[in-house]
Amino acid sequence: MENILNELNAGQRAAVEYCNGPQLVIAGAGSGKTRVLTYKIAYLLERGLAPWNILALTFTNKAAREMKERIGRLVGQDSAVRLQMGTFHSVFARILRVEAEHIGFSGNFTIYDQADARSLVKSIIKEMQLDDKTYKANSVADRISMAKNHLLLPAQYQTSSWARDDVQRKLPLVGQIYNRYVERCRQANAMDFDDLLVQTFVLLRNHEDIRQKYVNRFQYVLVDEYQDTNYAQQEIVLLLTREHGHVCVVGDDAQSIYSFRGANIDNILNFQKMYDGAKLFKLEQNYRSTQLIVKAANSLIRKNERQIHKDVFSENEQGERLTLKPAYSDKEEAMIVCNDIRRIRRQEGAAYSDFAILYRTNAQSRSFEEQMRKDSIPYRIYGGLSFYQRKEIKDVIAYFRVVANPDDEEALRRIINYPTRGIGDTTVGKIAATAQLHGVSLWKVIQQPIVFGLKLAGSTMTKIEAFKALVEGWRQRLDSEDAYVLGHSIIMESGISKDIYSSKNPEDLSRQENLEEFLGGMQDFVESRREEGREQETALSDFLQEVALLTDLDSDDDKDQPKVALMTIHAAKGLEFPTVFVVGLEENIFPSPMSTGSMRDLEEERRLLYVAITRAEKHCFLTCAQNRFRYGRMECDTPSRFIKDIDPSLLRVEGNGTVGGRSGASGLSGLGGYSGFGGRSGFGGNLGRNVQNPRPVATQFVADPKPRLMPLRRETPLPQSAIGDIGLKEGNVIEHQRFGIGTVVKVEGSGENTKATVAFKNAGTKQLLLKFAKYTIVG
DNA sequence: CACGTCACTGTTTTT
DNA sequence: CAGTGACGTG
């Protein structure tokens, strides 16, 4: 342990060693925040705390995974995997599944994503016959979400200042919509993202015995990125820690950028008031960036009023100033960036993965994508439309959701007539009205149409009966078949595969690929869990749980091929790159025109730029374009006001260099094109199957007369010889079917239950049940 | 009821 | 420029 502590500086070490009470660690950008958290957890484990008694809450799944990985290296995998670590949402979703009955849900509840939430709000607005121009589904949904993040339930909402605001804004009925929304979620046995927090809070607040149970379980609670927690999250942490005070929160108020999601910077500013005797630690030495980058970032953030004072400094080399490169157009902006990438690669031998292009909005990725394709620069776009938000995937998932929880209204509506089976809007409307009348889910009405007095033509009724039978058939197989087998049948029997594979529409080819990809991901999921000895958790509902909270950012992609990273600044939080391009520094983009109203909003935008700049280790370039293609037309923009906020002596402006001719007209649209599948990733994390970078859509001239879904891959039990007598030993190098090359660290158990711990080069360390693992020994 | 066409509208960031 | 909703026809 001593040698571990020696790897920390004095400030970090003090933060790690203090375990006597509430603790706030203000960690400047690049100051080793994650390091402190991981070492602190390792320290707690060394001092005898059991891993399952430690709760560590992170902001992204990725952060949790990486931290687990790092702790595993410090203290060993066995104990690292037992840590309670994950995002607020995923950890509490797991708890809520266990405790669901106490709050009037059942354990198989669906998690509504923001699209589901929006669509539900939309139908409620319609049902209430409100004008959808005044009551915009989007903004009403946002308002509801905001209320939930403030733990304002419908009952209190009506009498709160929120309701009075609504009246002023001429939207007096938002409260009623909210009320109905909550009712409908309950009927559907569904929770939205915010409910995962709200319901956890309600559970802990209303059931002292349950709260005690978790207070006893989580003897030490650590929270990462505390500046981005909202009121609900703060209160939950408080409910879990207020007695023992074993709580350590880490964050940087200067990097608080999620207020649109309810994050409240006051949580971190007021932490010491919340917890008596909370001790403050500051980490101010930046190990990431050159001195000039740190200074430039400091000069920018100094313009903000609300902050905890700190002096972030770097002892790295001085480095170069930031460079601002104005461009004539968004196209030229992309060319400039690509040129610089090539130049720096040449001059410094940098890898493509050493570069990141960061932008304010996802839509800005386009011009860069096009340019990088032209220049054959490999890239990967993070975020944006994630794999399973694609239509064809959402459809399949909707089927799964209905099978796991038929009360799920949003999913049911989505699939009841897809593929078309003669149950149209009119019919669905009648079912919905009947359901509404009796306060039950659509499925209940479908199950017992006569009981609820559903009036339909005989022929329509037959179709509904058929649909019902279909779903019930699958439901019976829910417990006996694994996700892959059942999922495959659902795709075949629902008619989805017929719909997608019978079409001659060339665009459907990428839908087919996506479907294959998805199915492959399910197979991997099932196999992975088997290999990890979690045979009991391979059902369709387990798969759904995994997938519901996964983000595009979570996919590991193939790390072997280095790629330039393209992402929003929000998505870049916590990451670092040798060279960073912060693009689109223009008024009307950055700051976002939506955020120029109040000082508070504007300060958050400024923090956002601060986050962007502090991602850079060596080079930081800023770009802005004079003309930009937006809403289908060319628009004119002035440089961002934030540029003036950076100390001019730390910023070099590189002349209006016109880069190359304005050649090439409008890009790649003519040439056969690429599938939308693009540089985006396929599946997330452990579901991981890797998709190669832009893959041209196969120009298949002769269509297979009967194209169809790949056949069900039956489990092929490994030949018995592969199990016992091969004698896998520590130090062996194996090549695993999915995880690639890895070294065997440990072998335990015998016969059937032989388990190996393998450190993979690219996939991290895994424990594999050899009975199921698919690998060959290569050394 | 299904499907095609046409006009409209909205665009920040995400667990 | 997309993605969505409304409308008309088969």
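Which residues of H7 are buried?

1. The buried residues of H7 are Asp 116, Ala 117, Leu 120, Val 121, Ser 123, Ile 124 and Ile 125, where buried stands for under 20% relative accessible area, exposed for over 50% and partly exposed for what lies in between, computed with a 1.4 Å probe on protein chains only. Helices (H or I, at least four residues) and strands (E, at least two) are DSSP runs numbered from the N terminus.

2. This is a predicted model, in which local features need pLDDT of at least 70 and side-chain atom pairs count only at pLDDT 80 or more, whereas totals for chains, interfaces and linings use all residues. Residues are numbered from 1 along each chain as its sequence is written, chains are lettered from A and ligands numbered from 1 in the order in which they are written, and side-chain values use heavy atoms, with hydrogens and water left out.

3. Helix H7 covers residues 114–127, and its 14 residues reach 20 Å from the first C-alpha to the last, close to the expected 20 Å, a span taken as 1.5 Å times one less than the number of residues.

4. The buried residues of H7 pack against strand E4 (110–112) and against helices H8 (137–149), H11 (174–187), H20 (391–404) and H21 (409–415), contact being heavy atoms within 4.5 Å.

5. Around DNA strand B there are 27 residues, of which Lys 136, Arg 360, Thr 426, Thr 427 and Tyr 631 come nearest; a residue counts as near if one of its heavy atoms lies within 4 Å of the strand. Sugar and phosphate make up 52% of the atoms of DNA strand B that come within 4 Å of the protein.

6. The structure holds zero disulfides, a disulfide being a pair of cysteine sulfur atoms within 2.5 Å. The sulfur of Cys 19 is too far for a bond, because the closest cysteine sulfur, in Cys 248, is 8.4 Å away, and Cys 19 is buried at a relative accessible area of 9%. For Cys 620, the closest cysteine sulfur is in Cys 624, at 13 Å, also too far for a bond.
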